[in-house]
Amino acid sequence: RPRVLSGMRPTGRLHLGNYMGALYNWVQLQHEYDCFFFIADLHALTTEYFDPSGIPASSDDVILDFLAAGLDPNLCTLFVQQDVPAHSELHTLLSMITPVTWLERVPTYKDQQEQLKEKDLATYGFLGYPLLQSADILLYQPKYVPVGKDQEAHVEITREIARRFNQLYPGSFSMAEGAAPWELEAVKKTARKLANDSKKEHFTPHELIAAAPQTKLKSGYGTETILPVPEVLLTPSPKLPGTDGRKMSKSYGNTIMLADPEPEVRAKLKTMVTDPARIRRTDTGNPDVCPVFDLHRVFSTVEIQEKAAEGCRTAGIGCIECKGWLADAVVDVLAPIQQRRAHYEANPALVEEILTAGAAKARARATQTMHEVREVMGLRQPR
Ligand code: TYM
């Protein structure tokens, strides 16, 4: 199965926006791909370095939400970034080949500095954020990286860094499938000629690559790259409004949390803003400009959506009724999530076991990549 990797910063308990923006998609992917999902606690440190003490508890909350959302440790690998030191190690190696200008050009670098003015983000670590993310990704040699649009630039720089690494340190040279042994001999002969040395026995991948096109063999040639260039898998995510109509976000205080109990969900939705032109119960409304209807589109059945839209346009139903139907749908989505959360909350040892097993699996994969990386770079393996 093709491999998939993605991560999330530990920012505390998750809300419906986080769920629809990432987790829901991950849960679908785990059935089809060999998935690695992790908590990016080092990334949290880039902006929380002045007081990192809240990060572990936030990580605990996020892992519970991962499991509650339906990520199944039997289907995918779940782990915490700092449990796999190779993330930091590959980050260091990649930093040697990364031009500073590439990092300065990433749009989130300036944007975030603007947005988080109260934090001093003129640090080396913050500039390196996308590079650490590249290391996270390349370490697992995934085919796909499922993320939202806001992370696209980070996957793009990951692709550039992989290409640069592969160009600087090509992997082993291999003839295309079906090539005859004499064809490899022909390449070597040409390489020998290029090197002007008839006794040469050992060739670097660079030398073979240079020689191969000159032989004009039909079956071609190739190199096995150590860091395959990954592709972004853009999460099909509806823009989820919060209770005030703006994008659902913790910083706006307009969220519905995955862990909110039913009465709280109902109370929050009851006060949610609606089509501002519909003031009285007898006014007709326009569902296309109503944030409540945006949520209906995501959570309600088509029948309820149609009934709500029709009722709104004709003033057949009031907003309170419409919000009640929405609350029913949201509560239905949250119920199994909260049941699973309660199960794992009551079993902290089980969660530890899952993370320990996940860390071991992730470390094994990462160790293998690091071995290959050192090999193609010509570095010594650790004693
Ligand atoms: P983070 O923690 O901000 O967000 C996690 C995932 O949620 C997506 N997302 C959204 N999608 C749609 N609409 C939204 N409003 C919304 N808000 C968040 C994000 O696109 C992301 O997919 N740098 C990453 C974490 C990371 C990572 C990685 C991701 C570290 N290393 C390696 C992938 C691969 C981040 O801060 O995501």
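## Basis of the model

Residues are numbered from 1 along each chain as its sequence is written. Because the model is predicted, local features need pLDDT of at least 70 and side-chain atom pairs count only at pLDDT 80 or more, whereas totals for chains, interfaces and linings use all residues.

## The shell around the ligand

There are 22 residues around the ligand, and of these G7, G21, A22, V147 and G148 come nearest; a residue is near a molecule if its C-beta atom, placed from the backbone, lies within 6 Å of it. Two or more residues of the shell come from each of β1 (3-8), α1 (16-29), α8 (129-138) and β4 (144-147), where helices (H or I, at least four residues) and strands (E, at least two) are DSSP runs numbered from the N terminus. The element that gives the most is β1, with four residues.

By class, the shell has seven nonpolar, eleven polar and four charged residues, with Ala, Val, Leu, Ile, Met, Phe, Trp, Tyr, Cys and Pro counted as nonpolar, Asp, Glu, Lys and Arg as charged, and the others, Gly among them, as polar.

## Features from the UniProt record

An unreviewed UniProt entry places the feature "binding site" at D136, a residue of helix α8; such annotations may be inferred rather than shown by experiment. D136 is buried because 28 other C-beta atoms lie within 10 Å, the cut-off for buried being 20 or more within 10 Å. Not counting residues up to four places away in sequence, D136 touches G7, A40, Q81 and H87, contact meaning C-beta atoms, placed from the backbone, within 7 Å.

UniProt (unreviewed entry) also lists residues 10-18 as "short sequence motif: 'HIGH' region". The end C-alpha atoms of residues 10-18 lie 12 Å apart, and the span is 33% helix and 0% strand.

Definitions and conventions. Buried ≥ 20, exposed ≤ 12 C-beta atoms within 10 Å, placed from the backbone. Contact = placed C-beta atoms within 7 Å.
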